[in-house]
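Work through the exercises below with the structure open. Each task is followed by a solution in steps.

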Amino acid sequence: DNLSNGGIYSIPEYSHLPGKFHSLSLNESAELINSPAIRTIFLSKLDGLKGLATKRIGSSGSSVTSSQSAESSGEGNVMANVATARAHASASMSGNSSVLSAATSITTTSQTTNIRSKSDVTAAMENAMAHANRIKTNQYRRGSSSSNLPLNGLTNNAVIDQSEMSRLPHASHFEMMPLWVQRKIAAESGFTNGVGSNNSSPNSKKERRSDANNKDDEDEGKFYHGQYTIHPSETIITHEFNRGDWTWITEWSPDGKHLALATENHNLAIIEAGITTPVWKVIQDDRIGRLKNDTTHTIRSIAWGGSFIALGGTGDAVSIVEPCITSDASASSNSASKAASKATKKEHFRIVDIITETGFVGTLHWQKNSNILAIGNREDQCLVVEVCKNKETGAVSSNILHNIERADWVNAVKFSPGGTKLAIGDRSGLLSVFSFVVVQNGEPPALSPLQDILMDDNILDIQWSPDAKFIYAGGEDYCVTVFGTQKWDVLQRIGRDRWVPFLAPSRGGSYLAVGGGTSSVSLLDVKQQWEEITELPLEGGIPLCAKWHPKDQYLAISGQLKNVVVYETSCRRLPKGMCLRSKSTVLAVEFSPNGKIIAVGNESGLVTFFDATSTAFVTLFETVIGVGKDITIQWSSSGRNVAIASGSTFVLFDTIFCGKVGVHPASSSRFLVRKVIQGGVNFTSLAFSPKGDYIALTDDQTRILNIKDDCSCVRVLDQQNVLSSGWSPDGAAFALVGKRDNLSIYDSRSSSKEWKLLFSIAVSETVLSLCWGPSVKKGLHYLAFAGEDRKVTILEVRTYERTWETVIEIPCASNINDLDWSDRGMICIGDDEGTVSVVDLSYLKSGRAVNEMNYNWQRQGVICTMKLTRNLGRNAITSLRWHQSTMIHNNRTLLAIGGSDGIVEVVDLSERSKLES
């Protein structure tokens with residue numbers, strides 16, 4: 001009903017994800033599929049699958065095995081399924097009911113055989129056998145004609161952009177996706193028109209025009225709707241941590257406030273997950289010293305229970321760590337140096353007990369609400385251990401309660417969600433499930449075997465679904481197997497390209513993240529028979545682990561790559577109604593000092609002032625300046641003036657003067673033009689002094705204008721090709737830089753016409769943006785600049801000593817177009833690939849020189865980054881600004897982002913406590 005009516009429905013279980021789920025209408029689905037070109041491609045893909053199946057089964061049949069009959073049966077089923085899919089496609093597209101009936105008959109016959117094979121190729125092909133009517137092109141599985149969409153009798157007059165069509169998921173897939181997945185697919189595919197809205201297909205406007213309640217949209221060309229329209233957010237938010245080596249495993253704390261990492265050549269690392277700042281930070285980390293036994297050396301497994309953290313790996317031991325996370329370790333940015341000295345102390349995560357003679361430990365799991373730990377090792381054992389803490393002395397001890405002998409390495413142990421069952425998987429492929437009952441503390445548990453299942457190959461991971469209805473198993477058989485726990489039967493087998501090293505069911509049970517792909521993690525929809533709905537790509541290696549946040553708010557991914565990536569899976573940071581799309585590239589965004597107004601300029605020359613105090617954009621004033629030229633917008637510190645430079649035109653507005661009664665015409669908008677300057681060449685840079693009484697305006701020269709004296713020129717700086725300039729927060733220094741020229745820093749405290757040059761620093765590439773950081777001590781400043789050298793360089797400038805030094809360089813994947821540094825110490829970086837990187841440099845607000853600080857906190861700017869990506873590779877971030885006021889929006893931290901995709905969006909970068917409240 002929802003599909004045919006084009007309606008919207010929501011599922012309570014998905015309440016932690018962003019809101020509602022949307023569907024395509026019948027007509028939209030028809031137009032998507034019923035295209036002659038697409039029909040030809042679809043049928044040719046089926047022919048290709050048939051040939052591939054014949055080739056692979058033929059090659060694997062050369063070896064004589066006991067499964068030869070199964071191989072033969074498998075070949076017949078592949079051919080039957082391919083024939084069925086082709087018949088269904090032909091019948092649906094032609095409307096031939098007799099052919100459709102024959103196809104249904106073939107389906108019934110072919111699905112009576114249960115296929116099992118030990119061949120790796122055949123195991124991988126079983127997914128194609130079971131789902132031969134779904135073809136995967138351009139990362140997405142296209143919908144089949146056996147869908148619940150009645151496609152008979154459709155016309156052939158649909159006109160669809162074939163390049164767009166090939167990248168879009170089918171309607172039956174798109175309707176069930178959470179909004180963050182929809183945004184990701186749309187951003188990767190290049191189709192972004194209306195994703196996440198009620199009409200999220202390429203032809204949604206045609207549907208809306210037929211709606212009698214939306215008559216205003218019938219003649220869009222006859223009515224003016226303005227340059228901006230409300231647009232659903234397409235921003236994907238991630239947190240990245242540069243570890244420098246493989247990270248084998250990650251684990252969330254039970255409350256979800258911390259993330260534990262096990263990186264090669266490192267001891268246990270702990271990340272604070274945005275409790276006090278939006279940028280996450282490492283609060284515990286150090287490298288491994290010399291090799292020694294009787295303690296965990298290289299960590300391969302982490303289990304974080306209610307009281308302890310268990311670490312397993314090499315070293316013939318399991319280490320028990322007692323986390324002691326105090327308020328000192330999560331201090332505010334104003335006391336960053338104090339926090340830095342305390343957060344790295346070992347006693348916060350100290351080892352309190354060691355379980356020896358465990359062998360190589362590859363898997364650990366705590367029983368729910370207890371201190372009983374299951375340990376799987378390469379000594380062919382599953383150990384059941386109880387960890388106890390003496391209430392009087394505080395001493396921690398452990399006791400091995402039971403030893404379950406296995407035939408081979410134990411690679412996976414998992415208690416059921418309720419803790420009453422224990423599942424064990426080993427290298428021989430044997431999956432065993434036991435009932436697990438603790439009769440008395442300190443006594444061996446009562447174990448009763450429930451089921452033994454022999455898999456085709458080595459088991460690498462097993463997981464229970466949150467409701468314990470399913471067990472997921474993956475390993476070297478190139479597939480994910482789903483078992484029902486009621487009859488212990490196989491419900492589904494999902495073929496993968498590689499071994500399946502991990503499985504991660506979401507805590508709500510709706511999704512399953514699986515490995516087995518090449519540099520990607522697949523997300524399967526449990527409600528849709530474990531359909532793959534998207535892939536999460538990784539750069540540089542194969543994923544080895546994925547873990548969902550306890551509330552499904554994040555998905556952490558790690559593996560054979562230098563970075564750990566955490567996806568945010570909710571829309572909490574994307575306020576509704578705070579994303580607009582322009583018909584032209586957005587070139588400038590700027591908040592007023594009090595945060596009540598945001599000014600936006602686009603390539604058509606339109607500058608619009610919006611009310612930023614409401615929950616949505618409200619237009620206050622619009623003007624047109626310099627069509628087709630670059631636009632720069634700057635507010636004075638008092639908010640009284642706003643200056644705009646575009647092309648060869650400069651305009652200074654008064655934002656609070658309403659004119660003298662009887663002398664000036666009344667102004668309801670309170671925006672009055674105070675000064676207009678027409679230059680001989682284009683203006684390239686614009687900057688207000690901290691007090692707002694001077695403005696630096698650059699064309700072929702940089703002129704310092706006195707606003708109080710009708711913008712008269714009081715000083716000229718002759719440096720050529722300047723693209724960016726700005727005063728330090730206290731007005732003591734003025735910097736300017738441009739095209740492969742020197743970065744010049746002047747002493748601007750002098751009242752004479754000639755400013756003294758403090759520094760002239762050579763730059764090798766064009767610098768497109770510079771900004772000063774917040775300062776808490778006179779004479780000590782920090783300056784950031786970036787451009788075509790693909791890195792952000794931070795300088796420490798000591799004006800009293802007249803010295804400077806480079807304190808940190810932050811690499812970027814592409815050219816950097818804009819920088820902005822917030823009062824709270826966070827710097828945002830906008831690049832040419834559609835990504836905004838946010839780095840926490842609040843430690844620079846300590847008032848001490850960097851050479852006096854703890855290096856661990858300086859490393860945070862290099863290893864911890866928050867990224868906001870929109871239309872990756874097809875969008876350049878052109879402008880971004882922090883909302884600096886603390887009086888508006890309940891002290892939220894907001895960031896406005898404009899790009900070449902015509903979108904301007906306000907993102908909430910407040911700490912988690914404010915988001916959750």
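**Exercise 1.** Find the residue with a positive phi in the hairpin of β39 and β40.

Solution. Five residues lie between the two strands of this hairpin, and among them look for the glycine: Gly639 has a positive phi near 80°. Strands here are DSSP runs (E, at least two residues), numbered from the N terminus. The model is predicted, so local features need pLDDT of at least 70 and side-chain atom pairs count only at pLDDT 80 or more, while totals for chains, interfaces and linings use all residues. Residues are numbered from 1 along each chain as its sequence is written, and side-chain values use heavy atoms, with hydrogens and water left out.

**Exercise 2.** Describe how β40 pairs with β39 and with β41.

Solution. Two strands pair if DSSP finds at least two bridges between them.
- Step 1: β39 (residues 631–635) runs antiparallel to β40, with five bridges. Opposite Ala643 in β40 stands Gln634.
- Step 2: on β41 (residues 649–654), β40 has an antiparallel partner over six bridges. Ala645 has Phe650 in β41 as its bridge partner.
- Step 3: the hairpin of β40 and β41 has two residues between the strands, and Gly647 takes a positive phi near 60° there.

**Exercise 3.** Is β40 enclosed or open, and which way do its residues point?

Solution. Buried means under 20% relative accessible area, exposed over 50%, and partly exposed in between (1.4 Å probe, protein chains only).
- Step 1: six of the six residues of β40 (residues 641–646) are buried, so the strand is largely enclosed by the rest of the structure.
- Step 2: in a regular strand the side chains alternate between the two faces of the sheet.
- Step 3: in β40, Asn641, Ala643 and Ala645 point one way, Val642, Ile644 and Ser646 point the other way, and all are buried.

Key:
Helices (H or I, at least four residues) and strands (E, at least two) are DSSP runs, numbered from the N terminus.
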